[in-house]
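Have a look at the structure first, then read on.

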Amino acid sequence: MAGCHSPSLIRLLLVDDHPVMRAGLVNLLATQSEFAAVTDVGDGETAVRLWQQKPFDICLLDLTMPGLDGVETLIQLHAINPEAKVLILTSSNSAADLSRAMAAGAIGYITKEIGHQELLAAIHAAIAGDTPISHRTIIDDCPSAVGRAAGLSPREIEVIALMREGFTNND
């Protein structure tokens, strides 16, 4: 994206309907020097309006929100910018939710159970074009059919199988 910021600094949009969750994440991310800006909003409609007005490098998006839910928000963000990097950050570890989000264009799917270092690694991986998926998401019950339904490549399905065996994202 064109802009006047350093290419190494991340502009992030955080979308979650829980104010305490947003405040905690904003405080966490503010301590990291690689973030140029962290903008937080509590609903999908506001996120879509902001996405039209400002360039962001990545969006952390909750799935379950009143009004415009996460999947519909994701679809609208991609309508504005088909290359938008949207990383789902949710409390749901459902394979069906993962499938819906990936089919709608999410770059990754992580649960709110992860630690802050895992979150930061997932953000960096997503920006780099990888597909971060929480170990706790579908690892225990991810048949290849679910992976295919989620729009995952054969290699991504293979990586999930390796994660089931205990390998990390980097491994």
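This is a predicted model: local features need pLDDT of at least 70, side-chain atom pairs count only at pLDDT 80 or more; totals for chains, interfaces and linings use all residues.

**Around α4 and beyond**

Residues are numbered from 1 along each chain as its sequence is written, and side-chain values use heavy atoms, with hydrogens and water left out.

Q: In what order do the elements of the protein run from the N terminus on?
A: Helices (H or I, at least four residues) and strands (E, at least two) are DSSP runs, numbered from the N terminus. The protein has 8 helices and 5 strands. Their order is β-α-β-α-β-α-β-α-β-α-α-α-α.

Q: Is His78 buried or exposed?
A: His78 sits in helix α3. The cut-offs are under 20% relative accessible area for buried, over 50% for exposed and partly exposed in between (1.4 Å probe, protein chains only). His78 has 17% relative accessibility, so it counts as buried.

Q: Which backbone oxygen does the side chain of His78 reach at 3.3 Å?
A: Polar contacts here are pairs of N or O atoms within 3.5 Å; within protein, one must be able to donate a hydrogen and the other to accept it, and residues adjacent in sequence count only if both atoms are side-chain atoms. The one at 3.3 Å belongs to Gly105.

Q: At the start of α4, which residue's backbone nitrogen does a side-chain oxygen of Ser94 approach?
A: The buried residues of α4 are Ala95, Asp97, Leu98, Ser99, Ala101 and Met102. At the start of α4, the Ser94 oxygen comes to within 3.1 Å of the backbone nitrogen of Ala96.

Q: Why does Asn93 count as partly exposed?
A: Asn93 belongs to the loop between β4 and α4. Asn93 counts as partly exposed because its relative accessibility is 40%.

Q: How are α1 and α5 oriented, roughly parallel or roughly perpendicular?
A: Axes are lines fitted to C-alpha atoms, for helices over the stretch in contact, with angles from 0 to 180 degrees between N-to-C directions. The axes of α1 (residues 19-30) and α5 (residues 116-127) come within 12 Å and cross at roughly 75°. Angles under 35 degrees count as roughly parallel, over 145 as roughly antiparallel, 65 to 115 as roughly perpendicular and the rest as oblique. That makes the pair roughly perpendicular.

Q: Which residues of α5 meet α1?
A: Contact means heavy atoms within 4.5 Å. From α1, the residues involved are Leu25, Leu28 and Leu29, and their partners in α5 are His116, Leu119, Leu120 and Ile123.
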